[in-house]
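Please look over the sequence and the structure below before reading the notes on selected local features.

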Amino acid sequence: MERLGTGIGWRPEIADAVERMPGIDWVEVVAENICPGHLPDSLRRLRERGVTVVPHGVSLGLGGAERPEEDRLAALAERVTALGSPLVTEHIAFVRAGGALTASPRLEAGHLLPVPRTRDALDVLCENVRIAQDALPVPLAVENIAALISWPAEEMTEGQFLYELADRTGVRLLIDVANLHTNHVNRGEDPAKALAELPLEAIAYVHVAGGFARDGVWHDSHAHPVPQPVLDILTDLASRVRPPGVLLERDENFPEPAELRSELASIREALETGAELLRSGTSEAGAASGPRDHETGAAEATRGAFGLPHPGDTGAARQRVGLAQAALLSALVAGTPVPEGFDRVRLGVQARALAAKRADVVAKVAPELPVILGPEYRPAFLGYAQTHPMTGGYRRDALTFAEHLLAAGRPGDGQARWELRQWWLDRSGPAPRSGRSVHRLARATRRVLLRR
């Protein structure tokens, strides 16, 4: 595996700081946020300096019941080629459910949701990973995700699930130590046990990020400083293996460059502490390294005895996984009954978090809406989200939200309602008045200021 070194997530808001930051060996970009034919100047300059750029996908939904969509795979491959990347990464998650497979409405989560650690889900995931591997021009690595909720009746631990996935597909692993911490707080899972069960040789690189606790739940925000428990998990990992690369993620609430440099220094210190333990032989690495041969054999015997599908025979498994995921996602975004075995309180926390994220992202992709609606924007959107699940992307969500308000005769202020209608017509009519969003935002801002 190519050694990447120390990196940071490239984001437009900190592009200049990343370019000037010493000791940055590589960067990671959200694949869906870049256009292969129009790479940002900052990324082009970094590439010209020899800095590796790795695309990180968020929309494939490899853990979903359906096979990966060909156009999404083609788009990801195009970005790999444009960036000259040595590998590409995605998540072990599902992001949509329903549709033809389950004869139910197709729903979008707008978020990475956990797959059940069951044989069915593993069989489906393995086949999806193989499909992606065949379509991508470079090796694929997949990331463990953070979760607020747990599936009932799971059959494997996180480590066992990842071990079998890597063993059956040869896929590499992107281990997010912040997500291990999140799952420790939210689901009571032991990070050390997960690390002990992993196939360490399959690790491609490591993510480190911050979050915050609220009401007994840890939120993996990527908008807060990296806490010490996450650094401790990184040290534990480094005491078992030398990771090829480590990357700091920050997606919101960007601090001054000095604070980012300080966080990178703390990451390097945690790595060196772990490396010293590894060199001295005082770590507990190797105590466990995934399922043993006799355990795998027993699992295969059980599979045959109960007629469970073997790898490659995923038709029935896809339908079972699809029905379960559709029921969960519908409860989260459409208010349907909570499936049996789930924690109702925790599902409520997750549902509110999904709605809040939708509101935040729609405000970014359609920044005119908060300007036009003012303080009414957020409560209006959260009310809309309770009865209108997302069925397409965030841009479609913004349009549907505007349609919903206009149909209800809102907002109450006539001038604001007129502006909202004009905004909607600009994007829904056959001939938008302006193709430049900056003009539309300036127009809406000017009108709001004139009303004050």
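The briefing below covers a helix pair and then some details of the backbone.

This is a predicted model, in which local features need pLDDT of at least 70 and side-chain atom pairs count only at pLDDT 80 or more, while totals for chains, interfaces and linings use all residues. Residues are numbered from 1 along each chain as its sequence is written, and side-chain values use heavy atoms, with hydrogens and water left out.

**Helix pair**

- The axes of helix α11 (residues 315-333) and helix α12 (residues 344-365) come within 8 Å and cross at roughly 70°, which makes α11 roughly perpendicular to α12 (a term for angles of 65 to 115 degrees).
- Helices here are DSSP runs of H or I with at least four residues, strands are runs of E with at least two, and both are numbered from the N terminus.
- In α11, the residues L328, A331, L332 and V333 meet L347, Q350, A351 and L354 of α12, where contact means heavy atoms within 4.5 Å.

**Cis peptide bond**

- R410 and P411 are joined by a cis peptide bond, with omega about 0°, and P411 is placed in the loop between α15 (394-407) and α16 (414-428).

**Positive phi outside glycine**

- A153, a residue other than glycine, has a positive phi near 60° and lies in the loop between β7 (140-143) and α5 (158-169).
- A153 is exposed, with a relative accessible area of 70% (exposed means over 50%, with a 1.4 Å probe and protein chains only).
- N253, although not a glycine, has a positive phi of about 50°; N253 is found in the loop between β12 (245-248) and α9 (257-280) and is exposed, with a relative accessible area of 53%.

Technical notes. Axes are lines fitted to C-alpha atoms, for helices over the stretch in contact, and angles run from 0 to 180 degrees between N-to-C directions. Angles under 35 degrees count as roughly parallel, over 145 as roughly antiparallel, 65 to 115 as roughly perpendicular and the rest as oblique. Buried means under 20% relative accessible area, exposed over 50%, partly exposed in between (1.4 Å probe, protein chains only).
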